[in-house]
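Subject: Structure for you to look at

Hi,

Here is the structure I promised to pass on. Please have it open while you read, as my notes follow below.

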Amino acid sequence: MEAATVAWTAAGVGMALVYWFVWVMGAAEVKGKRAVDLKMGSITHDKVKDKYTQYWSFFRRPKETATTEASAEKVPAFVDTFYNLVTDIYEWGWGQSFHFSPSLPGRSHREATRVHEERVADLLQAKPGHRLLDVGCGVGGPMRAIAAHSGSNVVGITINEYQVNRARAHNRKAGLDSRCEVVCGNFLSMPFADASFDGAYSIEATCHAPRLQDVYGEVFRVLKPGGLYVSYEWVTTSLYRADNAEHVEAIHGIERGDALPGLRRQDEIASIAKEVGFEVLKELDLALPPALPWWTRLKMGRIAYWRNSLVVRVLTMLRIAPKGVAEVHEMLYETAQHLTRGGETGIFTPMHMVLLRKPAESK
């Protein structure tokens with residue numbers, strides 16, 4: 001009898017732990033995606049591990065992914081694969097805005113994120129009646145914040161169809177589906193008419209383009225003359241040294257784990273914008289002091305990492321999550337370490353801001 005009591009007690013404790021780790025601790029920071037809902041985008045369960053292996057093989061040496069025209073043409077497809085693999089994990093552990101922001105004293109990460117997004121609307125001088133373009137919109141966190149803050153209509157484009165469906169669902173839930181539209185497409189060849197937007201922005205998205213000229217050229221094309229464009233760029237800073245093995249490993253780790261065909265230098269951005277035809281109105285690294293560190297949110301404690309890893313492995317074992325999720329989670333954890341190192345050493349910033357304008361006389 002005592003043995004049966006112990007067994008039932010152990011079973012009860014076990015179930016309680018599973019409930020705590022998966023349904024309570026496993027809930028998304030911004031409600032909408034829980035650990036038990038983890039999928040891998042539009043990839044079927046039996047193909048997840050194969051897709052992850054293909055992705056890792058392609059981006060193993062980031063600088064080589066865009067060295068030829070043939071390899072550069074493959075980048076969009078692998079970026080699509082990347083977001084199939086990571087979108088649900090991002091929503092679960094990070095929220096609906098897939099970007100960084102400077103920490104703010106006495107403010108939550110969620111509040112700091114909103115401030116960082118609303119800055120874009122203010123720089124664009126967005127107002128009701130304006131039609132804005134979100135270049136690389138993800139699941140639409142920034143889009144909704146900017147539409148709510150400015151009263152503008154926002155059209156987002158993402159290469160990933162799963163993100164399109166997630167963004168539309170979030171837009172409906174937020175009551176913003178009448179002002180927020182999402183299109184599936186490649187920002188290197190956008191399905192929009194010339195001069196059809198009053199303003200545009202990209203938040204940590206154009207880093208996926210093999211050539212920045214191509215995406216900037218498309219933004220230039222669809223902007224109305226006089227229209228403004230704000231971009232937050234991922235770049236290496238002047239502190240980066242190519243002959244420093246620690247620097248190289250950190251940057252390569254960021255590129256491998258974030259589907260980047262090679263990070264650009266900070267001093268390249270303005271010249272590329274001018275080459276396309278833009279006027280550069282402002283350029284600033286938003287990560288510099290007095291801004292507080294953007295990477296503090298990444299410094300996950302050992303217990304939190306162990307908990308997340310355990311949740312993923314248990315869900316995989318129970319066949320709730322597909323095989324391969326654990327490997328993707330581990331990749332993202334390792335990438336977070338490289339991002340943190342890049343921030344701490346000052347060799348990398350994810351928020352080099354440029355404010356650009358299409359000349360009023362452009363045709």
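To start, which side chain meets Arg-211 in a salt bridge? The partner is Asp-214, with 3.2 Å from N to O. Please keep in mind that this is a predicted model. Asp-214 counts as partly exposed because its relative accessibility is 33%, and Arg-211 is partly exposed too, with a relative accessible area of 43%. There is also a network in which Asp-194, Glu-218 and Arg-221 are joined by salt bridges that share partners.

**Other salt bridges**

The count of salt bridges comes to 14. One that I would point you to is formed by Glu-91 and Arg-166, whose closest N and O atoms are 2.9 Å apart. Glu-91 belongs to helix H3 and Arg-166 to helix H6 (residues 161-173), so this pair ties together parts that are 75 residues apart in sequence. Are these two residues buried or exposed? Glu-91 has a relative accessibility of 1% and therefore counts as buried. Arg-166 comes to 15%, and since buried means under 20%, Arg-166 counts as buried as well.

Lys-224 and Asp-198 form another salt bridge through their side chains, at 3.0 Å from N to O. Lys-224 sits in strand S5 and Asp-198 in strand S4, so to speak of sequence, they are 26 residues apart and the pair links distant parts of the chain.

Strand S4 (residues 197-203) is mostly covered, with 6 of its 7 residues buried. On one side of the pairing list is strand S1 (residues 131-135), which runs parallel to S4 and is joined to it by 3 bridges; here Leu-132 stands opposite Gly-199. S4 also pairs in the parallel sense with strand S5 (residues 223-236), over 6 bridges, and in that pairing Phe-197 faces Leu-223 as its opposite residue. What do S4, helix H7 (residues 212-222) and S5 make together? They form a right-handed β-α-β unit.

**Aromatic pairs**

A search of the whole structure gives 19 aromatic pairs. In one of them, the ring centres of Phe-82 and Tyr-83 are 5.0 Å apart and the planes stand at 75°, so the pair is edge-to-face. Phe-82 and Tyr-83 are both buried. Another pair, Phe-100 with Trp-234, is tilted, with 6.2 Å from centre to centre and 35° between the planes. This pair links distant parts of the chain, 134 residues apart: Phe-100 is in the loop between helix H3 (69-93) and helix H4 (109-123), while Trp-234 is in strand S5. Phe-100 and Trp-234 are buried.

Met-317 is found in helix H10 (residues 302-317) and is exposed, at 63% relative accessible area.

Happy to go through any of this with you.

Best wishes

Definitions and conventions: Residues are numbered from 1 along each chain as its sequence is written. This is a predicted model: local features need pLDDT of at least 70, side-chain atom pairs count only at pLDDT 80 or more; totals for chains, interfaces and linings use all residues. Side-chain values use heavy atoms; hydrogens and water are left out. Buried means under 20% relative accessible area, exposed over 50%, partly exposed in between (1.4 Å probe, protein chains only). Helices (H or I, at least four residues) and strands (E, at least two) are DSSP runs, numbered from the N terminus. Two strands pair if DSSP finds at least two bridges between them. A crossover is right-handed if, with the strands pointing away from the viewer, the path from the first strand over the helix to the second runs clockwise. Rings of Phe, Tyr and Trp (its six-membered ring) pair if their centres lie within 6.5 Å; planes under 30 degrees apart count as stacked, over 60 as edge-to-face and the rest as tilted. A salt bridge is a side-chain nitrogen of Lys or Arg within 4 Å of a carboxyl oxygen of Asp or Glu.
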